[in-house]
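Colleague: I have some questions about how the terms are applied here. Could you take me through them one at a time?

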Number of protein chains: 2
Amino acid sequence: MALILHVRTAREQWWQAHLQSLLPEIECRLWSQPGNLNDIRYAVVWAPPAGGLRQFKNLQFIVSIGAGIDHVLADPQLPMDVPIIRTTGAQMTQRMREYVCLHVLRLHRGLDSQIRAQSSRQWHNVISPSADQRTVGVMGLGKLGAAAAATLVELGFRVRGWARSPHDQHGVYCFSGADGLADFLSQCEILVCMLPLTAETDSILNRQLFEWLPTGAHLINVGRGEHLHEDDLLAALATGQLGSATLDVFRQEPLPANHPFWVHPAITITPHIASMIDPETGGQEIARNLQNFVAGQPVADLVDARRGY
Amino acid sequence: MALILHVRTAREQWWQAHLQSLLPEIECRLWSQPGNLNDIRYAVVWAPPAGGLRQFKNLQFIVSIGAGIDHVLADPQLPMDVPIIRTTGAQMTQRMREYVCLHVLRLHRGLDSQIRAQSSRQWHNVISPSADQRTVGVMGLGKLGAAAAATLVELGFRVRGWARSPHDQHGVYCFSGADGLADFLSQCEILVCMLPLTAETDSILNRQLFEWLPTGAHLINVGRGEHLHEDDLLAALATGQLGSATLDVFRQEPLPANHPFWVHPAITITPHIASMIDPETGGQEIARNLQNFVAGQPVADLVDARRGY
């Protein structure tokens, strides 16, 4: 009985040793040294190569190292009858809350212009609105989105939420479905994308959506790079329809050095760090989910591959 | 029956009209046009000139436009028997929570180095600790300090508090008095000064205090410029004892253009905006406190001039 591991090469030795120590009853193998393919019952993966997982005929389930499973579903030959477990630990939720609050507050309080004022020694004490006069919209009200929205409510913001299906959350004015999108967006001065990536949400951050926002709205994308139509973003920034974009995820990661986003004055780039899994606690979360699934216990993070999240 | 107003000249017409509309029964006069000095019963002031208030022989109380009263007590000829009411509205507390959380999160998540990385097109995704592994210390547990500490607890940080007298606050590990200061500081990776300015707290942010902090700790000062020993700060940054300083208040404001803080790579300057009073709501707060005091109702913001806050 063995587990196969696919992570970035630089970290694979560490992951192997860590998971092995947490799961002594299972042999943890690296993707490059799979041994007998029929031994493999479990796969723990980030972005496995296309066609890779179907080699394992006895695969019982796949663990996605991350809250999204799009990087697994991207494999056109994925065995669709194998269950997928995603990874969302308390620390992942915590880090996402931190990132979203940091950047919402940064935009709300105009930190970037204060930093520029310092560089030219300007004392320019404008009074910005307080959070109860600022509307923030959160797209996606899953585990991470709901936690971020709740924290923004605690901080005092007016918070709106949007999801595919109807939600009800204390302090959050909720909208749902394609029919509710324009209404939701109409008041969002700061918009945070926390959606799962599916066929429906691919390129959802596009020209039409930007036009539904108030002029000068700010975008924060912590979902996936594929949510964003990059040319539409550049066009909306050029006309001023969008005031700025803060992007943590990109269609190609690392973002290529010649990408125009790097030097755009209204784009802030962070390198997919909003809610990285700390390998230490992430490994513990993965081991716990895996053991629960094997033992027939409920696993909250079991996902529906056909729905896509 | 008249009120005298001392605010910055650029805003005095607005303040006069605003307070007059809220207090129709009282004549609101500008400092430059006081009329008969014996008419003046109330003074609403920011940093009144030395010797100014003692001219008004019938003064019943002084309203400080701000949470601190140090700018009133700075007058060596201040009539000490006249009560002082400070101004701390809900919006002031709200803005302070926003500022403190923004800058604590900014330091916690290393935003400055991410901005530098973007300017050199570097994709550098380090994993920072999550907030539950980060200790933040709040000095001063008055109305604003307690609110900021509570919000930091909500955000997930380990929070310590220090005040002159013992306090008890949910989720905050409280220390007090000169005896408790070194213990309090010993774990504070990020230290936020929210103290009132008194003879005891003048220059409290000095070399000894910095040495009690863990090496590389970050300082945020939203108290008063006089809390900070400026030369000791520069020395502590030079040795690395302090990692950075984020300063919203200064001994001289606006900060003079030739001040070394402007161009120091480890100092972030904001122009006394952490919790400015929005004149609209600040005026309402002042009018309410004034009317309550006149009517003999309790005024929470009545301060003890001899204690200094």
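Colleague: How do you know how many residues of chain A are in contact with chain B?

Modeller: In this predicted model, contact requires heavy atoms within 4.5 Å. By that rule, 58 residues of chain A touch 58 residues of chain B.

Colleague: What is the area buried between chain A and chain B, and which residues of chain A lose the most?

Modeller: About 4800 Å² is buried, and carbon and sulfur atoms give 59% of that. On the side of chain A, A:Arg109, A:Gln118 and A:Trp123 lose the most area, together 18% of what that side buries.

Colleague: Why is the meeting of A:Glu98 and B:Arg109 called a salt bridge?

Modeller: The rule asks for a side-chain nitrogen of Lys or Arg within 4 Å of a carboxyl oxygen of Asp or Glu. The side chains of A:Glu98 and B:Arg109 have N to O at 3.0 Å, so the pair qualifies. The count between the two chains is two salt bridges.

Colleague: What makes strand E8 and strand E12 of chain B edge strands?

Modeller: The open sheet has seven strands, paired in parallel, in the order E8-E7-E6-E9-E10-E11-E12. E8 (172–176) and E12 (267–269) each have a single partner strand, so one side of each has no neighbour in the sheet.

Colleague: How do you know that E6 and E7 of chain B pair?

Modeller: Pairing takes at least two bridges. Five bridges join E6 (residues 135–139) to E7 (residues 158–163), so these parallel strands of chain B count as a pair. B:Thr135 stands opposite B:Arg158 in E7(B).

Methods: Residues numbered from 1 in each chain as written. Chains lettered and ligands numbered in written order. Predicted model: local features only at pLDDT ≥ 70, side-chain atom pairs only at ≥ 80, totals over all residues. Heavy atoms only, no water. Buried area = accessible area lost by both parts, 1.4 Å probe. Helix = DSSP H or I, 4+ residues; strand = E, 2+ residues; numbered from the N terminus.
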